[in-house]
Amino acid sequence: MLSLETIHKACKLFLAIADEEKQIENIRKTLAHSSNFEPYSAFQRIDRDRKEYVTSRDLRFFLEDNEKRATEDDLNYVVKFFDSDQDKKLSYTDFLTMLLPTTNSSLRELSVQRPNFEVRSWENLSTEVERDLSRLIQKEVDLYLRTELLKQELEAQHDFSVGAIYKELDMLDNQQIEIEDVT
């Protein structure tokens, strides 16, 4: 039997993930709504060396250009999370997964159908797009840092086990956890 403290910590973790993901999705939608936003140009802006992929180092330089800070280690997490072939680089397809809304396919389509425009290695995007793109990347880092801390707190509980948490939160015994189970 799990302690109430362990259950509370698990619920806190799930709610934090849900909250951060909702904020990230809202930034994605804001970015996609902008007529100044074109995904391939954003990719070029970050891939200054025209390697046709983006690394954690590229993301760090982009954030620094926009007066935001994150370590390369933290940005490695972001790359790893979206890196479909696990080569420690974001392809353009991986980059789109990170950038575009997941809950609004028409907005996603609108973004990718905008005409491409070249961004030279010394050029920036519009102020609005730079701001929102840097906010999105920073928010991904914030999600990672916040959830890692909460996971460590949860794992430190003497009665913690993934199976026990799942069983405790699966209130209807239907092999899924609903938001109502953690609130």
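**Salt bridges**

I started with a network: Asp-19, Glu-20, Lys-139 and Arg-146 are linked by salt bridges. A salt bridge here is a side-chain nitrogen of Lys or Arg within 4 Å of a carboxyl oxygen of Asp or Glu. This is a predicted model, where local features need pLDDT of at least 70 and side-chain atom pairs count only at pLDDT 80 or more, while totals for chains, interfaces and linings use all residues. I also note that residues are numbered from 1 along each chain as its sequence is written, and that side-chain values use heavy atoms, with hydrogens and water left out.

By that rule I get 17 salt bridges.

Helices are DSSP runs (H or I, at least four residues), numbered from the N terminus. Are the two residues buried or exposed? Lys-139 and Glu-20 are both buried; the cut-offs are under 20% relative accessible area for buried, over 50% for exposed, and partly exposed in between (1.4 Å probe, protein chains only).

Next I checked Glu-5 and Lys-9, a salt bridge with its closest N and O atoms 4.0 Å apart. They are four residues apart in α1, so about one helical turn separates them. Glu-5 is partly exposed at 46%, whereas Lys-9 counts as buried at 18%.

Arg-120 and Glu-123 form another salt bridge, at 3.6 Å, N to O. I have Arg-120 as partly exposed at 38% and Glu-123 as partly exposed at 26%.

**α1 against α8**

How do the axes of α1 and helix α8 (residues 162-169) cross? They come within 11 Å and cross at roughly 85 degrees. I therefore wrote down α1 as roughly perpendicular to α8, a label for angles of 65 to 115 degrees. The axes are lines fitted to C-alpha atoms over the stretch in contact, with angles from 0 to 180 degrees between N-to-C directions. From α1 the contact (heavy atoms within 4.5 Å) takes in Thr-6, Ile-7, Ala-10, Cys-11 and Phe-14; from α8 come Ile-165, Glu-168 and Leu-169.

**Surface**

Last, I found Ile-17 in helix α1 (residues 4-33), partly exposed at 31% relative accessible area.

Methods. Helix = DSSP H or I, 4+ residues; strand = E, 2+ residues; numbered from the N terminus. Parallel < 35°, antiparallel > 145°, perpendicular 65-115°, else oblique.
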